[in-house]
Amino acid sequence: MKKDALILLLIVAVLVGWLARQTISPEPETSQISLADVLGEAPEHFRQVTEPVPLEFPADHGSHPEYRSEWWYFVGNLDTADGDRLGFQYTLFRFGLDESAPRQSDWTTDELWMAHLALSDGREQRFFQTERFARGALGLAGADPERWWLRDWQVEAIPDGWALDMDAGEFALDLDLRKTRPIVFQGDQGYSRKGPEPGNASRYYSATRLAAEGRVRVDNEWRDVTGQAWLDREWGSNQLSDTLAGWDWFALQFDDGRDVMVYRLRDHDGEASRWSAGVLVESDGSHRILDFDDFSAEISRWWTDPKGVRWPLEWDLEIFPAELSIRVKPAFDAQRWYQSVPYWEGMVDITDRDSGQPLGRGYLELSGYDEPTD
Amino acid sequence: MRLLIQFSRRFLYRHPGQLLLALTGIAAGVAVVTGVALMRDVLMQSLDAAAEALSGTDSVRIEQPGGPLDERLFAELATTSGAPDLIPVLRTRARYGDQILEWLAIDPLSLSEGGPMRLSGPATGALVGSERTAMTSQRTLERLGLEVGDRISVRAGGADIELELTAAFEQRRELDNRLIMDLANAQHLLGRQGELSWIEAPADSRDWLEAHLPEGLVMVDSQQRRDSAARLTQGMRTNLTALSLLGLAVGLFVVHAVLSFLLVQRRRQIGMARAIGVTRGQLGRLMIGETLVLAGLGALLGLVLGTWLADQLVGLVRAPAAELYGLVTTSHVMPTWPVYGLIFLLALGAATASTASVLRAALHIPPGLLSRQSDGQVTLSRPVRVVLVSSLAVAGLVAIIFSAALAWVLIGMFLLLCACALLAPTLGMMLIRAWQRFRPLSLSGRALGMLGAARQRLGPALAALSLALGLSAGIAMMVLGFRVAVDDWVERLLRADTYVTLSQGRIGPELFDELAEWPEIESLSSVRQRDLGEGVNLAAYDTPDPAWQGFEWMAGGGESAREAFLTGQGVVVSEPLARHRNLQIGENIDIPVPDQTFSAPVVGVYRDYASDRGTIAIHNSIYRELFDDPYRDSIGLYLADDIDRDALDARLAELSDAIVTTDRHEVRRQTLAVFDRTFRITWALAVLVGIIAAIALISALLALGLERGREYATLRALGLTRGGLARWVMVQTTGLAAAAAVLAVPISLMIHAVLSLAVQPRAFGWSVGFTLPIGPWLVLIPLALLAGLLAGIYPAWKIARRDPAGMLKGSS
């Protein structure tokens, strides 16, 4: 009799199981974009960056559609009136598309725009991230000298800086960022070489210290904030040679008024490329370019994200001309992007490597680590 | 209790055939109900499927009533502060061969990160970058026999357009039968620059949209879209549901018949159990438990079968949904637990209810009863039966004749069928006794005589069989009669000698003016169609004399109507529209025109089977003025006598490669092909009901053959040979089937009449003349007789092999 009951239960289980399978809805399909691939070889009709050319403002704040890729990159550390710490990132990317036949439609486009907006909540250790795309048509996205936008996420030029206005639903930014020192041209007058081939270069300038003031909405509450932000602007066509796997980028603002940016380009073995470089900005606004031999960067801690990808989150940096020996570590680990482009970008603290004394804050970007370890 | 369960188990193990029949009966009934219920859901969701794929369930749709949406609105909204994620959509229907697909053009870059659909980088690149790139679901590719990389030619917006299928969505049922394209490419290929059909927005953006939408635009939420699909398909769904419930009822009859039969077999055991102290309560619990286990297992099997069946039915309903309602359904159903749960409970409840009388009879078995003979079940006395049948018939007729609501007509038909079911056993037995009188003393006559005495046992079988056969035949007669009506209508409507369309789409005014000059063409008719929403169609006609005569007037019409029609002082409407809106001649009707409303009195109501939501027809010149649209969809050419058609075709071809001519007979053939596709689902359900009827037939006849073992043994003991006994059994089963078939004739006539004269006008809005196609009778009656004969073979063989002495002693 038990056997009968067992058989009956088994039949029922099989039937119910089959029915259950019919009711399951599929997961949304997603895919990821490798930035290193996008920044690799570009079709021939795009111009290449091959030599220094003087940059002109405000014209060069706008887009350069003759080049394959371009970005407007804001990051910043903010403090609320009641002492909480926040970090933000807003990036607008433009990618030129391959040439195609003209179409009778105003949606026809030869540009794809992508925007990344993130907020790091230091107290709760939460990382909010939102990604958007738009085509360069019908005024949905674009960048002219006065305004950089994707749909309703807008950056507008104001005297001495830019005003950011973005609402991602879950959080929003309303910030005025004002320059406190002159724009810095990276490389040779903004001609930043990234590899041996002609065209392995970009136009690159930065505003390394922007005084931030405004408000941030999180948990449905607007909070007044102040802090310091950073702007990177870059464009080119074949920036990265295919020997490179990714990069580690540091934007550091010291309490003594100095700013340091270094990027460590990595080849596929994880070794630093000789094309790695940076800049040291003094508190009076003067700057000097850092080349490969001017700094060293060693990983001191790895973090494994929930997907099993390992990211080097703590670094020991030596900036020889500045006599700086520092440790860079994240305000918290989970500041990883899970959208179309997998990367880690988050607010970091700078401490003296020997004494542990706090020296400043900054932002760290890690790219090209998205191969799962198992 | 344990002992009782053992007792039940042993008994059921000894009768696996009966067990299997009961399981099959309930599974078949539940399968039909499940199949139709899931298919209904597909119909309801079809207006919403695309939205669900793009922006999730419960999205809001921004529309411009009566016309396309200006794409600049999208840009304006999307760049306004706080804008939600919006998806611009341009929709049209595309025909690939005889399949209708929904062509959805979107901006793939507007798909939101949290939304249900994300395209891969390469897929987005291909969609945006290549002009003719389209994507669809893997299942659609398989169904159409296509592969990724194939180039196909579809007809959309009146033009032939070549597309390349570059990728397939693996798992997305919502995208079945949909072609996804980039908006820029679609606007370019369709010549619809600047237009959007609607904008999708997430459900939680309603407040923001209300604050920011310009005047004149409407927001339609998913519930409204589902309601809209429900209204569109109401007639079709109600009909199919009614049929499926009848299927379940016949299935339940099988359960009832089998359980009653098993009871008869168990009378002796039950009597003994009662004698050794088993209480009525214990016995009741045991029997209810048995029924629930049997019904539960059967229902689960039915749900599985029904899910499979639903996918097949969706395949059949796809064409009518697209042709009649412009709804593109998915290829596969999307079942949910609530639907499954509800049907499961319905099946358990109905099975328990249908066995209530069996249970009652079992509980009345006195302790110690050792006879297996039935001492008769509870039956209705003749006067009660007469009153009941008359009341049911009168109530049914009243509901059918005096109610305007479809549901009441179907209830009325159900009441009439109940009356037939009550009447069928008496009439059937009278028939059998009448046949017996032909040769009362022959073997056949005696066999029929014995059958005639078993009214109580055979009554339910006769009722169910005659109803199921009548239902199948009645539906078939309605469809055939309707086909004749449609054929007549098309014949009358198509007056032109040949019809001209353009392969690249709409026809410009130049071609019409040019053709008007040709001496070989006496006059031109034309039509331009426009969707007014909710399935209502606006048709703008050029109507020379012969074209006007093609209208068959149900009300109004005539010369004064024509005068009003030509001058814009009146419009004519199709019969379905007049019925749905209860329009009378002289009543004003509004037509939404961009920025205004055109209003004119109805001057004629014409017969039309093209759309069950209805059509408003106005004269082309008025249409051009109102809508600023100089184009036509097709032109009818009325030729002078003795025109050389080949020469005309050559001249037309010379004028443009894009001209396609179709002669009247071809249009008629195409129309009837659409009709036939529309009714494939009805045929399929009629066949399903027929199959369940066949199961019922077999179970009833097997029961008849096997149950009366004792009588047969007596006959054998009295000297009837084995062959004689076999013939005896087969005469009985065939006689029963013949009686059911004869009773099915008037029942089918009644169903045909109710469906054609009452259901069609109420469900679809059109009236259908009553004709008498007898083809279904000629098929069903011989089939029933054959089934009766075949169903008698097994019991005949089995009984003939048994030992008469053993059977006389009472063992089974």
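These questions and answers look at chain B of a predicted model.

User: How many residues does chain B bring to its contact with chain A?
Analyst: The model is predicted, and the predictor gives the complex an ipTM of 0.85 and a pTM of 0.69. Both chains take part in the contact. Chain A gives 41 residues, and chain B gives 38 residues.

User: Which kind of residue, nonpolar, polar or charged, has what count on the side of chain B that touches chain A?
Analyst: Several helices supply this side. Those of chain B that give two or more residues include α4 (71–78), α11 (280–325) and α12 (337–354). The residues divide into seven charged, 15 nonpolar and 16 polar.

User: What span does α12(B) reach from its first C-alpha to its last?
Analyst: Start with the length: α12(B) has 18 residues. At 1.5 Å a residue, 26 Å is expected. The model comes close to that, at 25 Å.

User: What share of the residues of chain B count as buried?
Analyst: Chain B has 29 helices and 21 strands. Among its contacts with a separation of 6 or more, 83% join residues 24 or more positions apart. Of the 812 residues of chain B, the buried share is 47%.

User: In chain B, where is confidence lowest by helix or strand, and where is it highest?
Analyst: Chain B averages a pLDDT of 82, and 88% of the residues score at least 70. Helix α29 (residues 804–809) of chain B is lowest, at a mean of 64. At 94, the highest is strand β16 (residues 571–574) of chain B.

User: Over which residues of chain B does pLDDT stay under 50?
Analyst: Where pLDDT is low, the predicted coordinates should not be read in detail. One stretch of chain B has six contacts beyond four places in sequence, with pLDDT under 50. That stretch is residues 372–376.

Note on methods: Residues are numbered from 1 along each chain as its sequence is written. Chains are lettered from A and ligands numbered from 1 in the order in which they are written. This is a predicted model: local features need pLDDT of at least 70, side-chain atom pairs count only at pLDDT 80 or more; totals for chains, interfaces and linings use all residues. Two residues are in contact if their C-beta atoms, placed from the backbone, lie within 7 Å. Helices (H or I, at least four residues) and strands (E, at least two) are DSSP runs, numbered from the N terminus. Ala, Val, Leu, Ile, Met, Phe, Trp, Tyr, Cys and Pro count as nonpolar, Asp, Glu, Lys and Arg as charged, and the others, Gly among them, as polar. A residue is buried if 20 or more other C-beta atoms lie within 10 Å of its own, exposed if 12 or fewer, and partly exposed in between; C-beta atoms are placed from the backbone. The expected span of a helix is 1.5 Å times one less than its number of residues. pLDDT is the predictor's confidence in each residue, from 0 to 100.
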